[in-house]
Amino acid sequence: METIKIAHLYYDLMNLYGEHGNISALTHHLEAHNIKTIVHYLSLEDEIDFSKYDFFCIGSGNRHAFELVREDLLKRKKELIAAINDKKFFLVTGNAIDLFGKSFITLQDEEKEALGLFNYEAFENETRIVGEQVYRMKKLDDEIIGFQNRSTVLKYVKEKHLFDVLQGNGYVVNSIVEGIKKKNFYGTYLIGPLLIRNPHFTEYLVEQLIKSKNLSYEYYKDELETKAYEEYKKNLLYEKK
């Protein structure tokens with residue numbers, strides 16, 4: 001039986017909106033494909049050998065947690081670059097996406113160093129962006145749904161976007177695109193948790209992961225997950241265009 005190793009990074013600090021649910025959804029879908037999963041919960045001061053993992057998840061945190069994680073990740077920058085270049089899978093949600101750009105600028109115009117792995121800058125915003133979002137991903141038929149509660153925006157983005165905005169906000173208010181996609185790195189402000197709300201997106205990630213291992217793949221659909229997705233989308237009062 002094939003084994004996939006998942007690292008839930010800063011599980012105790014960057015889990016503000018129950019992002020551990022992403023781990024649950026991911027392991028459920030992988031196990032439905034008869035793939036064994038091993039999840040390691042890693043945080044500050046832990047030794048992390050990025051080469052040993054297939055999939056990394058990191059979620060949202062409050063300002064204090066964000067700062068602690070920013071400082072810790074800067075120490076691991078070389079390992080992160082190597083992992084992304086080695087096409088390891090990353091799911092980065094909520095304000096964790098701010099950590100991977102060039103810098104983070106506070107309301108006081110203080111510029112703080114970020115990882116600099118991608119070409120964008122995060123700016124703290126006076127007005128919070130809060131609300132349900134509906135996006136489209138070109139490779140999927142069903143919409144991507146999720147929630148945002150953030151005080152930052154991304155500017156000067158030169159990376160390939162992940163989603164098109166159908167309802168809600170993108171990088172900034174009224175932006176028509178959102179998210180970062182590069183190699184197997186998937187980053188978005190969406191929380192929810194994202195994979196719990198969007199089983200089709202979960203299955204898409206699992207498909208990419210399985211195929212990267214040169215394993216045979218057959219689509220898996222969980223009827224209860226799909227029903228929950230459809231019911232939730234109805235409550236958004238969103239009509240498919």
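Predicted model: local features only at pLDDT ≥ 70, side-chain atom pairs only at ≥ 80, totals over all residues.
Residues are numbered from 1 along each chain as its sequence is written. Local features need pLDDT of at least 70 and side-chain atom pairs count only at pLDDT 80 or more, while totals for chains, interfaces and linings use all residues; side-chain values use heavy atoms, leaving out hydrogens and water.

**Exercise 1. Work out whether Thr 188 is buried or exposed, and find which side chain it joins in a polar contact.**

Step 1: Thr 188 sits in strand β12, residues 185-188. (Strands are DSSP runs of E, at least two residues; helices are runs of H or I, at least four; both are numbered from the N terminus.)

Step 2: Check the surface. Thr 188 has a relative accessible area of 1%, so it is buried. (Buried means under 20%, exposed over 50%, partly exposed in between, using a 1.4 Å probe and protein chains only.)

Step 3: Look for polar partners. The side chain of Thr 188 makes a polar contact of 2.8 Å with that of Glu 178. A polar atom of the Thr 188 side chain also lies 3.0 Å from the backbone nitrogen of Leu 190. (A polar contact is a pair of N or O atoms within 3.5 Å; within protein, one must be able to donate a hydrogen and the other to accept it, and residues adjacent in sequence count only if both atoms are side-chain atoms.)

Step 4: List the neighbours. Leaving aside residues up to four places away in sequence, Thr 188 touches several others, including Val 92, Ile 97, Phe 163 and Leu 194. (Contact means heavy atoms within 4.5 Å.)

**Exercise 2. Find which residues of helix α6 are buried and what they pack against.**

Step 1: Pick out the buried ones: Glu 225, Thr 226, Tyr 229 and Lys 233. They cover an arc of only 100° around the axis, which puts them on the same side of α6. (The arc is that of the directions from the helix axis to the C-beta atoms.)

Step 2: See what they meet. These buried residues pack against α1, β8, α4 and α5.

Step 3: Turned away from the buried side are exposed residues, among them Glu 223, Lys 227 and Asn 235.

Step 4: Inspect the N-terminal end. Asp 222 caps it, with a side-chain oxygen 3.0 Å from the backbone nitrogen of Leu 224.

**Exercise 3. Work out how many bridges join β7 to β8 and whether the two run parallel or antiparallel.**

Step 1: Count the bridges. β7 and β8 share 11 and run antiparallel. (Strands pair if DSSP finds at least two bridges between them.)

Step 2: Take one example. Ala 122 stands opposite Leu 154 in β8.
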